[in-house]
Amino acid sequence: MWEDRFSTPEYVFGEDPARFLTEHQNLLHAGDTALCVADGEGRNSVFLAKLGLKVAALEYAPSAIKKARNLAERADVTVDFREADVLHYDWSEQYDLVIGIFIQFVGPKERDQLFAGMKHSVRPGGLVLLHGYTPEQIAYGTGGPPHAENMYTTAQLAEDFDGWSILENRAYERDVQEGRGHSGHSALIDFVARKPAR
């Protein structure tokens with residue numbers, strides 16, 4: 001499915017970073033390490049690398065990785081792109097930032113597994129940043145899967161990251177124009193949490 005989706009000349013979600021990242025640049029510091037989960041065609045990891053972060057990016061589809069490498073080359077930056085199934089990844093390394101943007105391709109059970117891996121990969125005192133859709137997105141049909149259970153709510157994310165310091169947990173609506181994949185009025189959620197220092 002993902003290979004078919006990304007094996008097109010165009011960048012399905014555009015070449016510019018998610019607005020979520022540009023609006024949270026105060027959290028993105030040159031020299032920090034970052035892991036982008038299910039990074040797709042590289043728009044977000046390349047943006048982070050352009051800011052001077054040391055970036056690794058996980059992606060399942062070889063066609064997406066090829067486009068991501070192309071994007072990085074054109075931007076004259078280096079990203080450690082890794083072909084990986086995030087549901088069978090070892091999450092052994094730790095990073096200052098672990099970032100998941102529109103990674104709502106899994107339901108609640110697999111999400112628990114995915115979040116556990118992401119949490120493990122955040123260093124003590126580091127941040128997890130999530131951006132995605134709320135269940136209200138189903139009615140709009142302007143991006144994301146057609147499964148309400150895959151979407152995030154503020155209550156669910158607060159529970160999932162219980163014990164972490166939650167810096168932001170906000171649901172809102174706005175127009176999104178990110179390639180043909182995300183286009184139109186959307187129900188969104190931004191979440192940032194800091195891992196306990198110990």
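Let me start with Trp91, which sits in the loop between β3 (80-83) and β4 (95-101). Helices (H or I, at least four residues) and strands (E, at least two) are DSSP runs, numbered from the N terminus. Before going further, the provenance: this is a predicted model, local features need pLDDT of at least 70, side-chain atom pairs count only at pLDDT 80 or more, and totals for chains, interfaces and linings use all residues. Residues are numbered from 1 along each chain as its sequence is written, and side-chain values use heavy atoms, with hydrogens and water left out.

Is Trp91 buried or exposed? Trp91 is buried, because its relative accessible area is 6%; buried means under 20%, exposed over 50%, and partly exposed in between, with a 1.4 Å probe and protein chains only.

What does Trp91 touch, leaving aside its neighbours within four places in sequence? Its contacts (heavy atoms within 4.5 Å) are Leu35, Val37, Leu58, Val86, Leu114, Gly117, Met118, His120 and Ser121. A polar atom of the Trp91 side chain also lies 3.4 Å from the backbone oxygen of Tyr89. By contrast, Val77 is 14 residues from Trp91 in sequence, and the C-alpha to C-alpha distance is 24 Å.

Now the charged pairs. Side chains of opposite charge can pair when their charged atoms come close. The model holds 9 salt bridges, where a salt bridge is a side-chain nitrogen of Lys or Arg within 4 Å of a carboxyl oxygen of Asp or Glu.

One of them joins Arg74 and Glu15, at 3.1 Å, N to O. This pair links distant parts of the chain: Arg74 is in helix α4 (residues 62-75), Glu15 is in the loop between α1 (2-6) and α2 (19-22), and they are 59 residues apart. Arg74 is exposed, at 51% relative accessible area, and Glu15 is partly exposed, at 38%.

Next is Arg123 with Asp96, whose closest N and O atoms are 2.4 Å apart. Arg123 lies in strand β5 (residues 122-133) and Asp96 in strand β4, so the pair ties together parts that are 27 residues apart in sequence. Arg123 is partly exposed, with a relative accessible area of 32%, whereas Asp96 counts as buried at 15%.

Arg170 and Glu168 also meet in a salt bridge, 3.3 Å from N to O. Arg170 is partly exposed, with 34% relative accessible area.

Finally, a network of salt bridges links Arg19, Glu23 and Arg174.

Definitions and conventions: Polar contact = N/O pair within 3.5 Å; in protein donor to acceptor, adjacent residues only side chain to side chain.
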